[in-house]
Amino acid sequence: MKDTLLAWLEESGPFAFLISLLANTAISLLAFVPSVFVTAANLSFFGLINGLILSFSGEVIGVMVSFYVYRKGFRFLSKKTSVHSSSVLKKLSGITEKDAFFVILSLRIFPFVPSGAITLAAACSSVSAGTFLAASFLGKIPAILIEGFAVHQVLNAGWRVQLFLVTCSLLILTGIWMKKRIND
C-alpha cells in the first residue's frame, strides 16, 4: 500500500499533499485500517518533519470527518433500529464531557490503538464535537511522533532488520490467530 501511495504522490506533483490528506481521511473512514502506511509514504516522500506535520494534519482531519459521518450514521440507524438500547452505548451516553475528554486523550496517545474504534465509540456517545476534537488533537501529537519515529527507524534500517521485523510481526499475528481459533 505504501508503494502505491508513493506512486500517487509522485504523479500528483504540487497536489501531493492533497492526495496524502485524502488518503488519511479515507483510512479514518474505514475505521480499522491502520494509517501507518500513509505515515511511511509521507515520511518517504516529504521527509521527516514535513511528513510528520502532514500525517498529523491528515489524521486530525480524518478523525473529524469520520466522527461526523459515524455520528450521522449512528443517529440514522438508531431511528430505524433498537441499536441505541445497547448497554455499552447507554454507558457511553452517560459519560461526562470531562471524563470523555480524558478517555479519548488517553486512548489517542497510543498510536497502535485502533483510531476508528475510538472515533466510533465517541460518535455513538453524547460527547460534543469540540471535546472530541480537542482530545483527539492533543492525543494525536505524541501518537504521530511515536509512530513517525518508529516508521522512520524501520525505513532507514537495513533489509535484514526489516525482514526480521516482518517475520516477528507475522509470527505474532499467527500466534494470536491460532490462540483465538483454539479458544473458539
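User: How many aromatic pairs does a search of the whole structure find?
Analyst: Five aromatic pairs turn up across the whole structure. Keep in mind that this is a predicted model.

User: What about F45 and F46, how do their rings sit?
Analyst: They are edge-to-face, because their planes stand at 80°. The ring centres are 4.8 Å apart.

User: What kind of pair do F56 and F137 form?
Analyst: Edge-to-face again. The F56 and F137 planes are 70° apart, with 5.1 Å from centre to centre.

User: Where do those two lie?
Analyst: F56 belongs to helix α4 (residues 48-80), F137 to helix α8 (residues 129-156). The pair therefore ties together parts that are 81 residues apart in sequence.

User: F56, buried or exposed? And F137?
Analyst: F56 is buried, at 15% relative accessible area. F137 is partly exposed, at 37%.

User: What does F132 touch?
Analyst: Leaving out residues up to four places away in sequence, F132 contacts V63, M64, F67, I104, R108, T119, A122 and V127.

User: OK, cores. How many residues are in the largest nonpolar core?
Analyst: It has 16 residues. F67, I104, A122, V127, F132 and A135 have the most contacts inside it.

User: Which elements give two or more residues to this core?
Analyst: Helices α4, α6, α7 (115-124) and α8 do.

User: What lies apart from it?
Analyst: Another core, of nine residues. L9, A16, A23 and F37 are among them.

User: Switching to α6. Which of its residues are buried?
Analyst: In α6, the buried residues are A100, F101, I104, L105 and R108. Their arc around the axis is only 125°, so they sit on the same side of α6.

User: Why would such a spacing line up?
Analyst: An α-helix has 3.6 residues a turn, so residues three or four places apart point the same way.

User: What span does α6 reach?
Analyst: Helix α6 covers residues 97-109, 13 residues in total. It reaches 18 Å from first C-alpha to last, close to the 18 Å expected.

User: Last topic. How many disulfides?
Analyst: Zero in the whole structure.

Methods:
Residues numbered from 1 in each chain as written. Predicted model: local features only at pLDDT ≥ 70, side-chain atom pairs only at ≥ 80, totals over all residues. Heavy atoms only, no water. Disulfide = S-S within 2.5 Å. Helix = DSSP H or I, 4+ residues; strand = E, 2+ residues; numbered from the N terminus. Expected span 1.5 Å × (residues − 1). Buried < 20%, exposed > 50% of the residue type's maximum accessible area, 1.4 Å probe, protein only. Arc of directions from axis to C-beta. Phe/Tyr/Trp six-rings, centres within 6.5 Å; stacked < 30°, edge-to-face > 60°. Core = buried A, V, L, I, M, F, W, Y, C linked by side-chain atoms within 4.5 Å. Contact = heavy atoms within 4.5 Å.
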